[in-house]
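Please open the structure in a viewer and keep the selection tool at hand.

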Amino acid sequence: MTQPRMRRTRRRLIASTITAVLVALTAIAAPAMGDSYDDQRRNAEARSAQQAKRAEQLAASIEGLSAELGQAVLDLQATEARLPIARAELAAAKKELEASQREAVLIAARLVDAKAQETSITSTITADDARDATIRTAVGQMARRAYKGETAATGLSVVMDAKSTQDFVDQYGMISTALRTQTRALNELEQISATNRNGRARLVAVKDRVAELKVEADAKVVEADRARAAAAARQAEIVKLIAEQAAKKKLIASKRAQAQAEEARVDAERNAIARELAGIIARQRAAAAAAARAAGRIYQAPSGNLTGVLFANPTSVNPMYVTSEFGMRVNPVTGIYKLHAGIDLRAQCGTPIFAARAGTVLWAESSAALGNRVMINHGFVSGTLLASAYYHLTRYIVSPGQGVSRGQLIGFAGATGNANGCHLHFEVWKNGSPVNPRSSLGL
């Protein structure tokens, strides 16, 4: 093999080895990158689930705030829930872009190697074709000379024509050399022909590979452009979300005093209800004591515990669905830890609301914070004064002092007052204090 061909072969071997190593490294790195993407997605989904739970808790805790302020709190929560997901999507888009760029570099290296192979094989075939033509010309000339008898000497003619022993030796050596040269030429011609056949087959395969690599390179350009656009979109979204977050925080901070005033007003209204119920209890007990004295009996204040299902479903949703529980919670705006004195029941806007138990309407009125509301006094049950309250109605259709039966229509569900969406806020009061309505409703 000639020196130039040896150098070309060595270069192809080195290029192929480098390409193979790069491919192997890519194959090793791919699962780790895939795992990273999977971990990021799982983490983002976990954060999203946590934020969804937080959204439910937040929606429950902002009852009592104005509609504008409550919406600002919900919007802030939605923004803060979206931010980590957007950041994870940005990181994924950047990683995809980096992966596409790395793969594009590998493809470019393979393409360079394939084109180098194509050039080398083409050059080799061209050189071998020239050598083939030269040999064929020489063989043809030898054949024509033999045909003309110019090289038809035999061993006998050499012996007969030789003038001396040395002349015989010289002529015989020339004939042997010519025969060996002709044989070598024919063998080389056959080898070149076989090599060229293989070279042309390889050249076809290399050209096909070059075409495939060009298609792959074009696809990687499109893929990288898509990843780049996705990363830019996520980056722009993050900038927008951060701006929205700052604006909402500023709005919430500016309305903190308003929120605190609203909560104070709600507390004042509940204290007024408690005082009114305490007065009712005192009057009813005093009346009972007077009646007992008139009858000559010793009066004992009524007492007792309520058990079992005391109230029917006050909504048209069956079975009842609690969207917010009774209990203490922190207002996210004011930071005040206070009681949510009832439970919120799912009720679509304008759907019927019913009296959960027979009694007398204590009041039916509108409140800035609690909306349109009705409270029903159910009297003493097992020695306990029992009352129920229905808040945020679109409207009510009963009047104070009116007697109502269990299941009677008293109004329609709504979102009046400081409510975030239509529902029924339902309260149960026992002896002038709010209690968890769940057990009284059989929930």
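This is a predicted model: local features need pLDDT of at least 70, side-chain atom pairs count only at pLDDT 80 or more; totals for chains, interfaces and linings use all residues.

**Stop 1: the disulfide**

Select C349 and C422, which are joined by a disulfide with an S to S distance of 1.8 Å. The structure holds 1 disulfide. Viewed along the S-S bond, the link of C349 and C422 is right-handed, with an angle of 95°. Next, display the secondary structure around both cysteines. C349 belongs to the loop between β4 (343-345) and β5 (352-354), and C422 to the loop between β11 (409-412) and β12, so the bond ties together parts that are 73 residues apart in sequence. Are the two cysteines buried or exposed? C349 counts as exposed because its relative accessibility is 54%. C422, at 25% relative accessibility, counts as partly exposed.

**Stop 2: the aromatic rings**

Now select F311, Y390 and F426, which ring pairs link into a cluster. A search of the whole structure finds 2 aromatic pairs. For the pair of F311 and F426, the ring centres lie 5.9 Å apart and the planes meet at 80°, so the arrangement is edge-to-face. This pair links distant parts of the chain: F311 is in the loop between α5 (256-294) and β1 (322-324), whereas F426 is in strand β12 (residues 424-430), and 115 residues separate them. F311 is buried, its relative accessible area being 1%. F426 is likewise buried, at 0% relative accessibility.

**Stop 3: charges over rings**

Select R346 together with Y321. R346 lies over the face of Y321, 3.9 Å from the ring centre. Then move to R373 and W363. Here the charged end of R373 sits over the ring of W363, at 4.6 Å from its centre.

**Stop 4**

Finally, select M328, V330, Y337 and L339, and keep the surface displayed. These residues make a nonpolar surface patch of about 380 Å². Which strands supply its residues? β2 (327-330) and β3 (337-340) each contribute at least two residues to the patch. To finish, centre the view on L339, which lies in strand β3. With a relative accessibility of 33%, L339 counts as partly exposed.

Methods. Residues are numbered from 1 along each chain as its sequence is written. Side-chain values use heavy atoms; hydrogens and water are left out. Patches are made of residues with over 30% relative accessible area and no salt bridge: like charges are joined within 9 Å, nonpolar side chains (Val, Leu, Ile, Met, Phe, Trp, Tyr) within 5 Å. Accessible areas come from the Shrake-Rupley method with a 1.4 Å probe; for residues, only the protein chains shown count as cover. A salt bridge is a side-chain nitrogen of Lys or Arg within 4 Å of a carboxyl oxygen of Asp or Glu. Helices (H or I, at least four residues) and strands (E, at least two) are DSSP runs, numbered from the N terminus. Buried means under 20% relative accessible area, exposed over 50%, partly exposed in between (1.4 Å probe, protein chains only). Rings of Phe, Tyr and Trp (its six-membered ring) pair if their centres lie within 6.5 Å; planes under 30 degrees apart count as stacked, over 60 as edge-to-face and the rest as tilted. A charge sits over a ring if NZ of Lys or CZ of Arg is within 6 Å of the ring centre and within 35 degrees of the ring normal. A disulfide is a pair of cysteine sulfur atoms within 2.5 Å.
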